[in-house]
Amino acid sequence: MTRCNCFVGASFAFPDFSDATGLLLQGVANQSGAQIRLTPAAPYLAGSVWHGVKQTVIGGFSTEFSFRVGPDNNEESHGPCKWVDQSRGTCARRGGDGFAFVVQNYGPRALGLGGGNLGYGGISNAFAVEFDTWFDAELKDPYENHLAILTRGTGELRAEHNNQLGICLDVPDLADGEGHSVRLQYDPLFQTDIATHPSFQAAPHLVDLIYPAAVHFHHGLGTLRVYIDDSSDPALSVPMSFSAFLQLDGGTAWVGFTASTGRSYQNHEITSWSFSEHKSEHSATNSNGGFQASNSK
């Protein structure tokens with residue numbers, strides 16, 4: 001078991017969204033009953049929601065949320081046929097485009113581009129965990145249904161997959177209209193046991209974030225893990241450092257969700273959300289510029 005020498009800092013919890021006080025809704029996002037609907041099932045829309053208080057992220061955090069993505073109840077997915085024949089009897093439809101959990105220091109009213117950009121593409125100084133449900137060849141999507149972690153540091157974030165830190169295709173159908181849960185955990189110290197786990201990836205883009213300033217890189221790399229549907233094993237784990245890659249105000253950033261639709265569309269709903277800050281006993285800074293590891297027990 002990994003040892004975490006930490007104590008819980010600030011936190012918030014929305015078991016549902018019957019009371020959405022403290023949240024900032026942008027674009028078409030709205031409170032719909034007891035959930036936040038980031039987009040309805042209609043074409044070419046985008047929406048976002050942010051917690052109204054910036055959260056400290058550099059010391060580590062955990063966030064859990066549940067979501068439902070799919071068409072309106074008792075309706076088929078809308079949009080063009082997935083296959084080329086377009087005949088009514090064999091038309092297979094799938095909704096678009098997906099949503100993302102985002103950490104950013106651009107602003108509390110941030111909303112990016114629609115379509116395959118999932119509402120986060122175009123936001124600067126940002127990091128995204130995307131839950132993509134539509135194949136976009138121009139964005140180098142590997143498949144229509146996938147989980148990915150992306151950042152361009154302080155630059156304008158784009159949804160192209162050459163900006164990814166890691167990607168996972170072995171996930172449940174994200175747009176099946178059923179409820180799913182996610183747990184995301186960030187540790188500012190690198191957890192050595194995760195480096196041998198099948199979920200661990202260190203994409204070439206990581207080098208772009210560190211170089212050419214590597215000689216002045218005085219940060220350690222932490223670990224970010226994403227769990228889906230109460231699994232005890234992460235679906236995806238990557239090296240990450242919020243203090244090194246993003247420009248933050250006292251280690252704080254806006255946290256929230258974005259989503260968008262294109263010519264194909266579906267509802268994107270967040271049904272619960274909690275967030276807990278952690279404050280480590282150790283600094284995540286390594287003056288030697290390499291990984292600062294936390295031993296596992």
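1. Lys54 is partly exposed, with a relative accessible area of 22%, where buried means under 20% relative accessible area, exposed over 50% and partly exposed in between, using a 1.4 Å probe and protein chains only. The model is a predicted one, in which local features need pLDDT of at least 70 and side-chain atom pairs count only at pLDDT 80 or more, while totals for chains, interfaces and linings use all residues. Residues are numbered from 1 along each chain as its sequence is written, and side-chain values use heavy atoms, with hydrogens and water left out.

2. The side chain of Lys54 meets that of Asp249 in a salt bridge at 2.8 Å, N to O, the term standing for a side-chain nitrogen of Lys or Arg within 4 Å of a carboxyl oxygen of Asp or Glu. Asp249 lies in the loop between helix H2 (242-245) and strand S16 (252-260) and Lys54 in the loop between strand S5 (46-51) and strand S6 (55-56), so the pair ties together parts that are 195 residues apart in sequence. Asp249 is likewise partly exposed, with a relative accessible area of 48%. Helices (H or I, at least four residues) and strands (E, at least two) are DSSP runs, numbered from the N terminus.

3. The structure holds four salt bridges, and one of them joins Glu269 to Arg68, with the closest N and O atoms 3.6 Å apart. Because Glu269 lies in strand S17 (residues 267-280) and Arg68 in strand S7 (residues 61-70), this pair ties together parts that are 201 residues apart in sequence.

4. Arg225 and Asp187 form another salt bridge, their closest N and O atoms being 2.6 Å apart. Arg225 lies in strand S14 (residues 222-228) and Asp187 in strand S12 (residues 179-187), so that parts 38 residues apart in sequence are tied together. Arg225 is buried, as is Asp187.

5. For the chain as a whole, the secondary structure comes to two helices and 18 strands, and 56% of the 297 residues count as buried. Among contacts (heavy atoms within 4.5 Å) with a separation of 6 or more, residues 24 or more positions apart account for 74%. The chain exposes about 12600 Å², of which carbon and sulfur atoms supply 49%, the areas coming from the Shrake-Rupley method with a 1.4 Å probe.
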